[in-house]
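Okay, thanks for coming, everyone. I've got one structure for you today, so let me put it up on the screen.

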Amino acid sequence: MMDEGVNKNEDSDSLHVLVIDDDPRLRRLLQRYLNENGFRISGAESAKEARELLKFLQPDAIVLDVSMPGEDGLQLTHALREEGKDLPIILLTARGEPEDRIAGLEAGADDYLGKPFEPKELLLRLRAQLRRLQQPIMTDNVRAVKLGNMEFDPIRNLLIHNNEIIHLTGGEIALLRVLASRPNEILSREDIVQEIGMEEIGERAVDVQVTRLRRRIEVDPKQPRFLHTVRGKGYVLKPSYSLS
């Protein structure tokens, strides 16, 4: 059963969220709450149903339950990333252990919210993820960097290779932006966690995002040319050069 809310905020017409959860009560609650806060909402009760919606919808973000019959939330997240969909994905689950959150990040999720939760917390996390992709960053440290044949523009949040955009998730953008703002400087995991707002998951989340980012920017992720690990200290981005 597919369902859709009606946007009540004309200024937020572009902010469309797809809620995927097999619990109709929770789905209706989230649809109503997010709709009242200015989002246009579509809903699906399974991964199969969501796939049908995604054939003709282009949501700005997905809120996705992990524990669903059939294809679960982790599998669907991984599949969407493999298909090149780079929109923010927030996972919902009754399993709130750090290992479960890491599994979500490894699958390609941007954030992870354990049940039960307050709808307002989901709203805040959604807005935070969307801001990462939509808002330019105004700081003296912002500069574009060259990574071989690629160029990262942290103001527009774009990684470009031969005039084509390389799609990055919100977490990958946040990490690359932090590293690019301080090129050739070793950043500890603790520093990165604070910068990209992953305190709840911890430093292991940084390692997961580094692994994912290397797959995007390195020819051989196992022998990185640009994003290096400094044992016992953290990570450093060594671009070809920086552009002021």
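Before anything else, a bit of bookkeeping: a helix here is a DSSP run of H or I with at least four residues, and helices are numbered from the N terminus. Also, keep in mind that this is a predicted model.

Let me pick out Asp 191, which sits in α7. Patch residues need over 30% relative accessible area, and Asp 191 comes in at 32%, so we call it partly exposed.

Next up, Lys 233. You'll find Lys 233 in the loop that runs between β11 (227–230) and β12 (234–237). Buried or exposed, this lysine? Exposed, with a relative accessible area of 53%. Skipping neighbours within four places in sequence, Lys 233 is in contact with Ile 186, Leu 187, Ser 188 and Arg 189. Take Leu 187: it's 46 residues away from Lys 233 along the chain, yet their C-alpha atoms are separated by 7.3 Å.

Last stop, Thr 93, over in strand β5, residues 89–93. Thr 93 has a relative accessible area of 0%, so it counts as buried. And what is Thr 93 in contact with, leaving aside neighbours within four places in sequence? There's Asp 65, Val 66 and Ser 67, and then Tyr 112, Leu 113, Gly 114 and Lys 115.

That's my tour. Over to you.

Technical notes. Residues are numbered from 1 along each chain as its sequence is written. This is a predicted model: local features need pLDDT of at least 70, side-chain atom pairs count only at pLDDT 80 or more; totals for chains, interfaces and linings use all residues. Side-chain values use heavy atoms; hydrogens and water are left out. Helices (H or I, at least four residues) and strands (E, at least two) are DSSP runs, numbered from the N terminus. Buried means under 20% relative accessible area, exposed over 50%, partly exposed in between (1.4 Å probe, protein chains only). Contact means heavy atoms within 4.5 Å.
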